[in-house]
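The notes follow the order in which I worked.

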Amino acid sequence: MLSIKKLRDDLDNVKKGLALRNLDLSFEPWIEADLRQREIKQEVETLKHRRNQASQEIPQLKKAKKPVETLINEMKTVSKKISEYEHTLKKIESENEDFLLRIPNLPHASVPVGKSEADNQEIRQWGKPPAFSFEPKSHWDIGEALGILDFERGAKIAGARFVLYRGLGARLERALINYMLDVHTASGRYQEMLPPVIVNRDSMTGTGQLPKFEEDLFHLKDNDYLLIPTGEVPLTNIHADEILAESDLPLSYAAHTLCFRREAGSYGQDTRGLIRQHQFNKVELVKFCPPAQSYALLETLLGDAELILQKLGLPYRVVSLCTGDLGFTAAKTYDIEVWVPSQAKYREISSCSNFEDFQARRAKIRYRTEAGKIQHVHTINGSGLAVGRTVVAILENMQQADGSILIPEVLQPYMGGLEKIASI
RNA sequence: GGAGAGGUGGCUGAGCGGUCGAAAGCGGCGGUCUUGAAAACCGUUGAACUGAAAGGUUCCCAGGGUUCGAAUCCCUGCCUCUCCGCCA
């Protein structure tokens with residue numbers, strides 16, 4: 001959520017920022033409603049002031065054995081008016097709130113300006129795409145041939161975009177989760193968490209999935225619970241409605257969670273394979289910090305995610321999303337894209353963003369400065385990494401002519417010392 | 001799932017329907033004292049909105065209701081605890 005002060009005092013710059021996102025919102029109705037809201041509020045407050053005064057006078061008059069009938073009758077009218085005004089006020093306030101909750105964050109000055117994905121800016125590449133002496137196979141062909149991925153049975157059990165990992169496939173997924181968490185939590189860089197993967201509406205609103213993106217979420221209707229699309233939701237909301245101490249910042253959390261996405265609107269995209277599943281594993285990194293540190297810490301967090309790929313020996317590049325491709329809540333985002341040989345393309349495996357105070361304002365995550373001032377923290381998060389897609393990258397980049405897969409050295413201890421996965 | 005108890009400030013914990021944002025204690029902060037610290041004593045100590053300020057409004061889990069007036073009464077929901085049942 002943007003600061004209402006900014007909207008009132010600096011609307012031109014807000015509009016400019018939104019224009020960079022290809023967004024042209026009409027603010028006129030809101031401006032009017034906002035004025036009206038403040039007017040009514042003042043009116044209500046004046047009436048309430050009178051009522052409060054009377055509430056003190058009445059007992060005094062009673063004590064002095066003076067008549068109170070007139071005053072009470074007068075207050076009856078006042079109270080009636082108050083509740084009428086409040087009814088209107090509530091309606092306007094919730095409409096205004098809803099409008100604000102649907103405005104995206106503004107891009108940071110360092111974000112490249114552009115219309116679409118095509119304008120994203122490559123920051124760096126790491127590693128070289130492997131050269132194969134044969135036509136590299138897709139990970140689903142490899143996985144099925146090795147008997148470690150079973151898409152047919154995944155579909156039978158649940159439906160399209162679900163997979164059954166078997167044997168060493170399941171082991172590999174688990175190995176990656178453990179490896180990633182071990183690296184991130186080494187020497188206390190991130191505190192490990194294991195949060196709920198089902199959350200309430202407040203949490204989803206706090207991190208920005210609601211109210212706008214409800215159709216992307218799985219919904220448990222009986223009790224209005226929602227399945228998280230990313231670990232960012234429970235991790236960020238850990239500190240919702242809290243005032244943190246500056247001396248405790250920055251806070252860094254890492255967690256493995258399942259993630260669930262409806263993938264409404266992505267029909268026809270990545271219909272085969274692990275890339276786009278309704279349910280997947282992810283290790284998420286989240287930081288809370290004072291505003292002055294957030295851009296430096298975004299780089300740190302990005303580096304932490306990159307480290308995993310480096311240690312696994314998987315070629316990747318880092319891309320800075322342009323203003324037109326930025327997610328709803330982000331002020332700045334780096335995507336890490338890993339090389340996928342069968343597609344001869346880099347594909348997203350991590351997204352690292354600085355939300356500035358956008359989520360903190362929604363979720364009411366604040367901190368007290370050393371000077372005693374209370375202000376919103378900045379939140380930063382990123383995948384470290386999407387586990388299923390890491391499996392994709394390993395299967396495809398490490399594939400051998402004989403159909404086997406070499407297991408990255410750092411992962412071997414997590415695979416019981418196994419050096420490769422081969423069909424028996 | 002059944003029966004009961006309860007949700008008050010950083011914590012513990014008072015609070016008759018009417019000067020209650022809320023006693024008291026602890027903790028925190030500032031000071032006196034001290035070479036320093038502890039102890040003792042004194043003072044101070046929630047948040048949001050609004051206003052240049054003075055001030056005003058709101059918040060005692062959440063949402064409704066009763067009332068001139070609600071932390072206090074009623075209803076609903078959520079959460080916590082105890083007992084029973086079931087259960088990984």
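I began with Leu176 in this predicted model, and found that Leu176 touches Leu312, Val387, Thr390, Val391, Ile394 and Leu411 when residues up to four places away in sequence are not counted, a contact being heavy atoms within 4.5 Å. I then looked up the largest nonpolar core, which has 54 residues, and noted that Leu176, Leu309, Leu314, Ile405 and Leu411 touch the most other members. For the record, a nonpolar core is a set of buried Ala, Val, Leu, Ile, Met, Phe, Trp, Tyr and Cys residues joined through side-chain atoms within 4.5 Å, and buried is under 20% relative accessible area, exposed over 50% and partly exposed in between, with a 1.4 Å probe and protein chains only. Helix H10 (residues 294–312) gives the most to this core, with 9 residues; helices (H or I, at least four residues) and strands (E, at least two) are DSSP runs numbered from the N terminus. Apart from this core I found another, of 14 residues, with Met1, Leu18, Leu101 and Phe328 among them.

Next I checked helix H12 (residues 387–397), where 11 of its 11 residues are buried; the list includes Arg389 and Glu396 as well as Val387, Val391 and Ile394.

I then turned to RNA strand B, which 22 residues surround, the closest being Ile58, Lys62, Lys76, Ser79 and Lys90; near here requires a heavy atom of the residue within 4 Å of the strand. By class, I count 5 nonpolar, 6 polar and 11 charged residues on this surface, with Ala, Val, Leu, Ile, Met, Phe, Trp, Tyr, Cys and Pro as nonpolar, Asp, Glu, Lys and Arg as charged, and the others, Gly among them, as polar. H3 gives the most to this surface, with 12 residues. Of the RNA atoms within 4 Å of the protein, 76% belong to sugar or phosphate and the rest to bases.

For individual pairs, I noted a polar side-chain atom of Asn52 at 3.0 Å from a phosphate oxygen of RNA strand B, and a side-chain N or O atom of Lys62 at 2.6 Å from a base oxygen.

Finally, on confidence, I read an ipTM of 0.85 and a pTM of 0.93 for the complex.

On conventions, residues are numbered from 1 along each chain as its sequence is written, and chains are lettered from A and ligands numbered from 1 in the order in which they are written. Local features need pLDDT of at least 70 and side-chain atom pairs count only at pLDDT 80 or more, while totals for chains, interfaces and linings use all residues, and side-chain values use heavy atoms, with hydrogens and water left out.

Technical notes. A polar contact is a pair of N or O atoms within 3.5 Å; within protein, one must be able to donate a hydrogen and the other to accept it, and residues adjacent in sequence count only if both atoms are side-chain atoms.
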